[in-house]
Amino acid sequence: MVRKNWLVVSLLLATVSFGLLFPSHVFPGHPASGIPEDDFIAPRQSLHPRLEILMDPSGLLSLDDVRSSRHAAEFSPHGNDAAPSFSYTIGAIWLRFQLPPPGERVNWLLEVGYPLLDDVTFFRPDVQGESGYSHVRTGDSYPFASREFVYRTYIFELPDTWQEGDFFYIRVSTNNATIIPVVLWSYSDFLAYATFDYIAMGIYYGVVLMAVVYYLFLFFYIKEIRYLYNATFIFSMGLFLFIYSGLAFQFLWPDFPWWGQKLIALTFFWATSAGFFLAASLLPLKQYYPCLNTLLRGLAFFALVMMPVSIFLHNTVAVLIVIHLSVLGSVFVLVSTLLCWLKGHRPSRYLFWGWLLFAAGIILMSSRSLGVAPDSFFTAYGAQIGFLGKLVFLALGLADYQNSILMEKELMEK
């Protein structure tokens, strides 16, 4: 029976594996009060409560400027356990924090955990550096080789020692959402975390790729366009999430940062268009609600046209357009699937729950990008979790659809 779909089993196993393999470091529950003054040995510490923030709308302030008495007094405490989040900003943002000098020789790493920041500069105390500081400048607008560590987010090494009262500074400037999670790691714990992180991501995107191949096979075998729409949607959304996680920049185009930045909006438009075409092909809107069918296909064509247009738009403008389009369209598809479900269309029930999970994930991700919701595990990975849930329900819906066709065929033969 088609209902016994191996893809559903694979997706469910991936969901469980994703949760089991993801280390406990990414979940809330670790102390967020900063590093105790008398205990500098915690394996992972959020530095958010220690952060002080200075907005630089001009983007022209230098390290000497922000250390001067004039601007040093303008820093304001972040005062929050969540990561600083500023939606789409103009200019630059400066962060500073202090740490107690380490009591023993341990390798400490600083992570800025949002991979889509264009320009990230970390200034650390160094008596041999200019003005007593050395710095590392990187970001997704620079080649991947500019990073100190080969990792999808930004990892910086702390100096061997520093003096009491020394400030560390981080300058961030970006055209994307400005989310700045700052975490301190011990070297060994970060290596353990990174290993599990890549394993979990490998399983996740491996299952996504298997789903693409499977539905392409069904398309060439059964010759139904909905399977091509499904394969296109899974591939484009999977590629967008691959870019969003920072893995695409590391593995696909490490020397072409401009291309990677443009593909963020382009792939999201592509996934939005394919998702709307898929919904229109699966739902009997043409039969029950012709106006809704026309509107849904119109949104799909608009997203398709915006794909090449997004290359010529400013990154911020293109991303804001696709975020609003995807959220609006997801709500519209949810209403359409619910109406078809009430009309007795059996596959619509699976499509409804799949779109509900996916829409929730997209809304969480978009709320984080727009600065409405704080940075957390669910806002950071909501889109990935919702997408995986949608794949499960889509597989069930397509299986139910295929079964209903087989049953109708048998009845006609009888």
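**Salt bridges first, then helices**

Author: Glutamate 52 and arginine 96 join their side chains in a salt bridge, at 3.3 Å from N to O. Bear in mind that this is a predicted model. The pair ties together distant parts of the chain: glutamate 52 sits in strand β2 (residues 52–56) and arginine 96 in strand β4 (residues 92–98), 44 residues apart. Are these two buried or exposed? Glutamate 52 has a relative accessible area of 18%, so it counts as buried, the cut-off being under 20%. Arginine 96 is buried too, with a relative accessible area of 9%.

Side chains of opposite charge can pair when their charged atoms come close. Another of these bridges brings together the side chains of aspartate 119 and arginine 137, at 2.7 Å from N to O. Here, too, distant parts of the chain are linked: aspartate 119 belongs to strand β6 (residues 119–130) and arginine 137 to strand β7 (residues 133–138), 18 residues apart. Aspartate 119 is buried, with a relative accessible area of 8%, whereas arginine 137, at 44% relative accessibility, counts as partly exposed.

Next comes arginine 152, which forms a salt bridge with aspartate 197; the closest N and O atoms are 2.8 Å apart. This one links a loop to a helix: arginine 152 lies in the loop between β7 and β8 (154–157), and aspartate 197 in helix α4 (residues 187–222), 45 residues apart. Both arginine 152 and aspartate 197 are buried.

Follow the chain on from α4 and you get to lysine 223, in the loop between α4 and α5. Lysine 223 isn't a glycine, yet it has a positive phi of about 65 degrees. With a relative accessible area of 60%, lysine 223 is exposed.

Now for the helices. Two packed helices are described by the angle between their axes and the distance between the axes. For helix α5 (residues 225–244) and helix α11 (residues 347–369), the angle is about 30 degrees and the axes are 14 Å apart. Angles under 35 degrees count as roughly parallel, so that is the label for α5 and α11. The crossing of α5 past α11 is left-handed. On the α5 side, Phe233, Met237, Phe240 and Tyr244 make the contact, meeting Phe358, Ile362, Met365 and Arg368 in α11. Sorted by class, this contact of α5 with α11 has 7 nonpolar, no polar and 1 charged residues.

Helix α9 (residues 290–312) and α10 give you another packed pair, at an angle of about 160 degrees with their axes 11 Å apart. That angle makes α9 roughly antiparallel to α10. The crossing of α9 past α10 is left-handed. The α9 residues in this contact include Leu292, Phe302 and Ser310, and the α10 residues include Ala318, Gly329 and Leu339. By class, the contact of α9 with α10 has 13 nonpolar, 3 polar and no charged residues.

One last stop in α10 (residues 315–342) is serine 330. Its relative accessible area is 4%, so serine 330 is buried. Leaving aside residues up to four places away in sequence, serine 330 touches Phe276, Trp355 and Ala359.

Note on methods:
Residues numbered from 1 in each chain as written. Predicted model: local features only at pLDDT ≥ 70, side-chain atom pairs only at ≥ 80, totals over all residues. Heavy atoms only, no water. Salt bridge = Lys/Arg side-chain N within 4 Å of Asp/Glu carboxyl O. Helix = DSSP H or I, 4+ residues; strand = E, 2+ residues; numbered from the N terminus. Buried < 20%, exposed > 50% of the residue type's maximum accessible area, 1.4 Å probe, protein only. Axes fitted to C-alpha atoms, helices over the stretch in contact; angles between N-to-C directions. Parallel < 35°, antiparallel > 145°, perpendicular 65-115°, else oblique. Left-handed = near helix turned anticlockwise from the far one by under 90°. Contact = heavy atoms within 4.5 Å. Nonpolar A, V, L, I, M, F, W, Y, C, P; charged D, E, K, R; others polar.
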